Amino acid sequence: ASGQGVIFEWCNDPQTNGGDSCPSWFNDAINVQAPFAATTAANGFVSCDSDEYGQLANDHIVRFTTTAIDCSALSEVWVEFQSHIGVFTVSAVTGAVLRVSTDNTVWTTYTPYPDLTTTVRWSGNPEVVVLDISATAAGSATVYLQWEWSGNWEYQWSLDDIGLYEENPTPPNDMQVTNWFAVAPNLFWPLSMVEPFGFLADVVNVGSADQTNVTLNLTLEDEGGNVVFTEDLNYGAIAVDTFAYDVPFL
């Protein structure tokens with residue numbers, strides 16, 4: 001849309017690491033990413049490889065738009081899609097959005113990644129996004145969905161497994177350990193200098209229901225697969241869309 005030739009393309013195989021219209025994995029030591037892991041990524045997906053175009057004089061605007069979808073019989077409309085996005089210059093909070101229209105002219109913007117800044121850089125793989133677009137789409141015979149990415153020498157944005165639902169498709173019970181966990185400060189010390197260390201991870205409730213009696217288990221095994229340590233950490237109750245940060249195993 002910015003006239004720079006930056007587009008979403010069809011990738012036939014997530015194992016293709018760049019080229020053939022497929023994004024690079026960015027599996028270097030800094031980014032530590034893997035091939036797109038959407039549920040049906042193996043049979044193809046769409047992706048924009050922003051990194052391929054390098055530094056541009058102006059930010060690119062790339063759009064992926066559906067044809068008209070009939071939602072006239074629905075009182076609620078929820079969209080779900082699986083994705084993997086990496087940003088470097090422009091925050092995904094404002095740069096990577098879903099736009100919805102009933103006439104392909106006037107658009108309402110929704111935010112799939114409210115916390116994904118250039119400091120965070122990467123979403124989950126896959127990041128399952130669920131948005132309530134009822135205010136725009138419910139009762140309309142012509143609904144257009146448009147994924148719009150404004151950026152400049154970012155990483156990539158891959159999309160797959162898009163679905164529309166007449167109620168919230170989010171599972172009620174879905175606790176996850178985030179991509180962040182603590183690394184022992186003496187990880188690379190000589191054996192003779194090893195000291196005791198603790199464990200720390202962040203967990204989040206991404207389900208649609210508040211959770212009670214949340215417990216995180218840590219299990220360590222030796223090279224032979226024998227359990228040498230196991231411990232449970234009880235978080236108690238965690239509400240919907242709530243993180244539990246920096247709670248150490250004691």
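How do the residues of the lining of the second largest pocket divide into nonpolar, polar and charged?

Modeller: One caution before the details: this is a predicted model. The lining of the second largest pocket has 12 nonpolar residues, two polar ones and no charged ones. The volume of this pocket is about 270 Å³. Its lining counts 14 residues, and Phe181, Ala182, Phe199, Leu200 and Leu218 are the closest to the centre. Two strands, β11 and β12 (211–221), each supply at least two lining residues. β12 has the largest share, with three.

Now the largest pocket. Its space is about 1,700 Å³. Here 45 residues form the lining, and those closest to the centre are Gly124, Glu127, Val204, Val206 and Phe243. By class, the lining splits into 24 nonpolar, 14 polar and seven charged residues. Five strands each give at least two residues to it: β4 (78–85), β7 (127–132), β10 (175–181), β11 (200–205) and β14 (243–248). β10 gives the most, six residues. β11 is on the list for the largest pocket, and β11 also supplies at least two residues to the second largest pocket.

Next, the sheet. β4 and β7 belong to an open sheet of five strands, ordered β1-β2-β9-β4-β7 with antiparallel pairing. β1 (9–11) and β7 are the edge strands, each pairing on one side only. Direction ignored, neighbouring strands of this sheet are turned by 35° against each other on average. Strands of a sheet pair through backbone hydrogen bonds, either parallel or antiparallel. Within this sheet, β2 (residues 45–48) and β9 (residues 157–165) run antiparallel and are joined by three bridges.

Cys11 and Cys22 form it, with their sulfur atoms 2.0 Å apart. The torsion about their S-S bond is about 95°, so the disulfide is right-handed. Cys11 sits in strand β1 and Cys22 in the loop between β1 and β2, so that the pair, 11 residues apart, links distant parts of the chain. Both Cys11 and Cys22 are buried. Cys48 is in no disulfide: the nearest cysteine sulfur, that of Cys11, is 13 Å away. Cys48 has 0% relative accessibility, so it counts as buried. Cys71 is buried too, at a relative accessible area of 1%.

Last, the backbone. Most residues other than glycine have a negative phi, and most peptide bonds are trans. The loop between β1 and β2 holds Phe26. Phi of Phe26 is positive, near 60°. Phe26 counts as buried because its relative accessibility is 12%, under the 20% limit. The loop between β6 and β7 holds Arg121. Phi of Arg121 is also positive, near 75°. Arg121 counts as partly exposed, because its relative accessibility is 25%. Pro126 lies in the loop between β6 (108–110) and β7. The peptide bond from Asn125 to Pro126 is cis, with omega near 0°.

Note on methods
Residues numbered from 1 in each chain as written. Predicted model: local features only at pLDDT ≥ 70, side-chain atom pairs only at ≥ 80, totals over all residues. Heavy atoms only, no water. 1 Å grid on protein atoms, 1.4 Å probe; cavity = no way out; pocket = protein on both sides within 12 Å on 5 of 7 lines; lining within 4 Å. Points joined across faces, edges and corners; volume = space filled by probe spheres on them. Helix = DSSP H or I, 4+ residues; strand = E, 2+ residues; numbered from the N terminus. Nonpolar A, V, L, I, M, F, W, Y, C, P; charged D, E, K, R; others polar. Pairing = 2+ DSSP bridges. Axes fitted to C-alpha atoms, helices over the stretch in contact; angles between N-to-C directions. Disulfide = S-S within 2.5 Å. Buried < 20%, exposed > 50% of the residue type's maximum accessible area, 1.4 Å probe, protein only.
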